[in-house]
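Colleague: I am new to this structure and would like a close look at a single part of it, taken slowly.

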Amino acid sequence: INVDTRVVLVKYYPGYDPKLVYDLINHGYKAIIFEGTGLGHIGKDMYDVIKKAKEARIFLGMTSQCHDGRVNMAIYESGRDLLHLGITPLSDMISETALVKAMWAFGNTKDGKIDDMMITNIASEYTE
């Protein structure tokens, strides 16, 4: 099995320092899986670093901290902002599963684009 471990899981919380994500960008990570609050949110103070990560061609995925939670970023303005900034909602995929799936996806793609692989249900990793 080919995997690329340059993927990180970020558990977001109020007061999370965006500088930590800048460090991830500078260290060459290829994907960041956010475990966001509620329906899949992170604070507006993170918007600038999200833009930088997208400019660096880093995959950004969103999961929920809620047990049995499903990401729905279309309900609130902040979620819609994040969609517009390029974060990919990962339905009810468990954050650790999303982390490992991104490692597998990067290990098994030649063009470095994993967006379609991440939202394709391969092994029942999310509920259809």
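Is R6 buried, exposed or partly exposed, and what is its relative accessible area?

Modeller: Please keep in mind that this is a predicted model. R6 is partly exposed, with a relative accessible area of 41%, and its side chain meets that of D4 in a salt bridge, with 2.6 Å from N to O. K52 and E55 both belong to helix α2 (residues 47–55), where they stand three residues apart, about one turn of the helix; K52 is partly exposed at 43% relative accessibility, while E55 is exposed at 58%. A further salt bridge links K101 with E125, whose closest N and O atoms are 2.4 Å apart. Here K101 sits in helix α4 (residues 95–107) and E125 in the segment after α5 (115–119), so the pair ties together parts that are 24 residues apart in sequence. K101 and E125 are both buried. To return to the part you asked about, salt bridges with shared partners join R6 and D4 with K30 into one network. K30 is also one of the residues that line the largest pocket, together with others including K54, R57 and D111, and that pocket has a volume of about 240 Å³. Its lining is made up of four nonpolar, one polar and six charged residues.

Note on methods
Residues numbered from 1 in each chain as written. Predicted model: local features only at pLDDT ≥ 70, side-chain atom pairs only at ≥ 80, totals over all residues. Heavy atoms only, no water. 1 Å grid on protein atoms, 1.4 Å probe; cavity = no way out; pocket = protein on both sides within 12 Å on 5 of 7 lines; lining within 4 Å. Points joined across faces, edges and corners; volume = space filled by probe spheres on them. Nonpolar A, V, L, I, M, F, W, Y, C, P; charged D, E, K, R; others polar. Salt bridge = Lys/Arg side-chain N within 4 Å of Asp/Glu carboxyl O. Buried < 20%, exposed > 50% of the residue type's maximum accessible area, 1.4 Å probe, protein only. Helix = DSSP H or I, 4+ residues; strand = E, 2+ residues; numbered from the N terminus.
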